[in-house]
Structure formats: C-alpha cells, structure tokens
Amino acid sequence: MRYYALRERRDVERSKWTGSFDFDRQWGLPGVKCPTCKETWAAVGSDYPTVDLSSLPEKRELERAQCVPWEHFVQLRQRVLPLVPSGAIVEPGTGFGALTGRAKGKFPPVVIHMPWILLIQPGLVTRLNGLTGAIPVPTRFKARPGVADLLELEVRPGGSIRGADAGEPCRTCGRADSELPLPSFGEMRLDKVPTVDFARICRTIVVVSERVLERLGRELEESEIVAVDVTGGSQTGTGDHPSGIDVSP
C-alpha cells in the first residue's frame, strides 16, 4: 500500500474556489510554561473534533486561549483524558470539539487548510465507506444560505516520518530540545507505514492511502490538490490512477 501527502497545487494562477473562513476550536488545552525546560509553548495540529467536553465543570476555562503553569495544565489534562480516544496525543494546545466560526464563498469538494486540517463536502461522506482512519464531524460555521456545511475529518496519529526526530524530549512537558524543520513534501518519506487509509504521521501532516486516491481522485483534482508519494521504495505504479489526479514522487 502506498501513501500520499496532500497539498494545494502551486501552478494555479487564479482559482475558481473563493471559499474562506475564520474559525476556532470549541475547546482546547492551554499552553504552558514548563518549569524544567523553561519553554512556553502549545502545539498545533493535535485536534480531536469528536471529543465533547461539554460535561466538564472546567469547560468554560477550556473555551479560552491561555497559558498556565504546568501543574494546572496537568490537572486540566487529567480531567480530559477519560474522554479522548485510545492512542490520542494530548499535549499543550490540543483542541477538542467542532470547528466554529464563519465561512463564506465557494468551497471545493475537498479542502486542505494549514495543511493539517482536512474537510470535505457532505456529498462525499458515502465515498468514505470502507476506508479507515477518518471520522467525519460536522463543522459549526456561520454562513450565508448556499454555503455547504463542510465536514471535518478527524484523522488520528499513525505512522511516522523518517528523519523527523527533534531530539530528546523534556522529561516534564515532553517538548523536544530542538524543533527540527520537517522535510519538504518532495523529500518526505515514511519511517513507519500507517495501518489505516487516513493517518496523521505528525501533528501537521496527514497522509492518505492509494485507496483514498482511487475513491476521491476526481474530487481531489477538481479541488486543485496534488498527491505526493511519501511511501519510499519502488515508485512503480504511483502515477497510474484513472482519476487523473496529479501524483508526484
């Protein structure tokens, strides 16, 4: 099974898609100042839209962005942990619940944002039947009539990138000693191959299997999205997709 990272095409001078949005997550763990490594930080990309924190007494505190002492963060994380899925990475800045905010314009069938957030139009949900690793979650955007209700795909951690080790993590907060830049899309290769069709190989990179390209290839092409092979090894057949989606080694 081959796997691909998705990115927006760079050769589109003027896109027909005008969609844009301003959004936030319903809840999120705060950032921290670590007493050991002395870093003040919060991660991005570790989000779980299926997790509902509305039952927690601390829900109001988790609705606002803030930075707290490490001890307080640990207390809040302990309250959240029983509600998160098995295998979830829960660290400072982890987001929970649906995307909220405002949307306007015309969106493509598949939307990639920042690029670790993956959204689809509601009509594509049935195309995901039989594919593993992605859970569609309704967004809560305020929009004018005619703007489709986009669904966010919750994609959980799986697999890893070769050469993405950022050093020894802090024994207290888990933050790495140094933040090495990720390889470019053209140089990225998997170290550990995922076991599902959608996987988050690091906080900010989602990969999809060749089965996803077979199902959604036409929609990805229409959405001006390029699939970049990150599997490594033999490239035989990577460009042989009846959908016509651009595939880069």
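Visitor: Why does Asp47 count as buried?

Guide: Asp47 has 14% relative accessibility, and buried means under 20% relative accessible area, with exposed being over 50% and partly exposed in between (1.4 Å probe, protein chains only), so Asp47 counts as buried. Please keep in mind that this is a predicted model, in which local features need pLDDT of at least 70 and side-chain atom pairs count only at pLDDT 80 or more, whereas totals for chains, interfaces and linings use all residues. Residues are numbered from 1 along each chain as its sequence is written, and side-chain values use heavy atoms, with hydrogens and water left out.

Visitor: What makes residues 47-48, where Asp47 is found, a strand?

Guide: Helices (H or I, at least four residues) and strands (E, at least two) are DSSP runs, numbered from the N terminus, and Asp47 is found in the run 47-48, which is strand E5.

Visitor: Which residues does Asp47 touch, and what does its side chain reach?

Guide: Contact means heavy atoms within 4.5 Å; not counting residues up to four places away in sequence, Asp47 touches Arg25, Thr94, Gly95 and Trp116. A polar contact is a pair of N or O atoms within 3.5 Å, where within protein one must be able to donate a hydrogen and the other to accept it, and residues adjacent in sequence count only if both atoms are side-chain atoms. The side chain of Asp47 reaches the backbone nitrogen of Gly95 at 3.2 Å, so this pair meets the distance limit.

Visitor: Why is Arg200 called buried, and what does its side chain reach?

Guide: Arg200, which is found in strand E15 (residues 198-202), has 10% relative accessibility and therefore counts as buried. Its side chain reaches the backbone oxygen of Val155 at 3.0 Å and the backbone oxygen of Arg203 at 3.1 Å. Leaving aside neighbours within four places in sequence, the residues in contact with Arg200 include Gly45, Trp116, Arg156 and Val206.

Visitor: How do you know which strands pair with E1?

Guide: Two strands pair if DSSP finds at least two bridges between them. E1 and strand E16 (residues 205-209) have three bridges in the antiparallel sense, with Tyr4 opposite Val208, while E1 and strand E17 (residues 225-229) have five, also antiparallel, with Glu8 opposite Ile225. Strand E1 itself (residues 3-8) is mostly covered, as five of its six residues are buried.

Visitor: Why do E4 and E6 stand at the edges of their sheet?

Guide: The open sheet runs in the order E4-E3-E6 with mixed pairing; strand E4 (40-41) and strand E6 (67-69) each have a single partner strand, so one side of each is left without a neighbour in the sheet. E3 (residues 31-33) and E6 pair in the parallel sense over three bridges, and Lys33 stands opposite Pro69.

Visitor: What makes you say that helix H2 is kinked, and how does its span compare with the expected one?

Guide: The bend at a residue is the angle between axes fitted to the seven residues ending there and the seven starting there, and in H2 a kink of about 75° is centred on Leu216. The expected span is 1.5 Å times one less than the number of residues; H2 (residues 210-222) has 13 residues and reaches 18 Å from its first C-alpha to its last, close to the 18 Å expected. Among the buried residues of H2 are Val212, Leu216 and Leu220.
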